[in-house]
Amino acid sequence: MSAPASAAQRDRRAQLEDALARTRDRIAHAAEAAGRPRDAVTLIAVTKTYPASDVLLLAGLGVREMGENRDQEAAPKAVEVTAAGADVRWHFVGQLQRNKARSVVEYADLVHSVDSVRLAGALAGAAARHRDRPLEVLVQVSIDGDADRGGALAGSADDDRGLERVAAEIAGQDALRLAGLMAVAPLGWEPERAFARLAEVAARLRADHPEAGLLSAGMSGDLEAAIAYGATHVRVGSALLGMRSTLR
């Protein structure tokens, strides 16, 4: 029998419940404005820097998709949440080093940030050895083509980071499943401009890989624009859990 919730736990649950209701309303209204059904958009609660207790509270409120961006935080958190009996799916949404592939494939259900042929190969090797089913992955695309930031480069002949080459590498691996694209709107860009360009890239990818229908785009500040341009998954952190600078 679990211990009664403390006053602090009850307060935190109420905060999350209110924030979740507001976020779900935003998603529903954005989908309606875009002429899309509400269930066409999946909410991912980005729980990075927040404790496993918040994940468990969100799971109790009906949120099943959780996002993390650092393996050293995500791996033990996933173990703790599983031990508590919560049924959640983990999305790895941050930049990933190849030496972390072994760890990530053991808990992640979907990796959003594959942006090189070498990283795809590392994940494929780890998934083949340590999973009993293929790992779903998204290619992270650079919207503005800045090679110094994360993201594969659309239209590039780069042997390692060209979007088409990365997608082909993933699609050719039995241990991986190419599920679609992920992107972050570049700083200084209007969200509509960024996500319009992303939608064009996604359409070209689907022409070659019809199975790659997922589009992970939009966060707390720009999810409406992302949904208008076809996002199937939105990654929401601060709008759900609060500003990290005040809660750390």
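A nonpolar core is a set of buried Ala, Val, Leu, Ile, Met, Phe, Trp, Tyr and Cys residues joined through side-chain atoms within 4.5 Å. Buried means under 20% relative accessible area, with a 1.4 Å probe and protein chains only.

The structure is a predicted model, in which local features need pLDDT of at least 70, side-chain atom pairs count only at pLDDT 80 or more, and totals for chains, interfaces and linings use all residues. Residues are numbered from 1 along each chain as its sequence is written, and side-chain values use heavy atoms, without hydrogens and water.

The largest nonpolar core has 73 residues, and V111 and L123 touch the most other members. Helix α5 (residues 117–130) gives this core its largest share, 7 residues. Helices here are DSSP runs of H or I with at least four residues, and strands are runs of E with at least two, numbered from the N terminus. The chain has 10 helices and 8 strands.

Which residues does L123 contact, leaving aside neighbours within four places in sequence? They are L96, A101, V105, V111, V114, L135, V137 and L176, where contact means heavy atoms within 4.5 Å. In soluble globular proteins, nonpolar side chains tend to be buried together.

Some values for the chain as a whole follow.

| Property | Value |
|---|---|
| Buried share of the 248 residues | 48% |
| Box filled by the C-alpha atoms, along the principal axes | roughly 60 × 45 × 30 Å |
| Share of contacts with a separation of 6 or more that join residues 24 or more positions apart | 61% |

Terms used: Buried means under 20% relative accessible area, exposed over 50%, partly exposed in between (1.4 Å probe, protein chains only).
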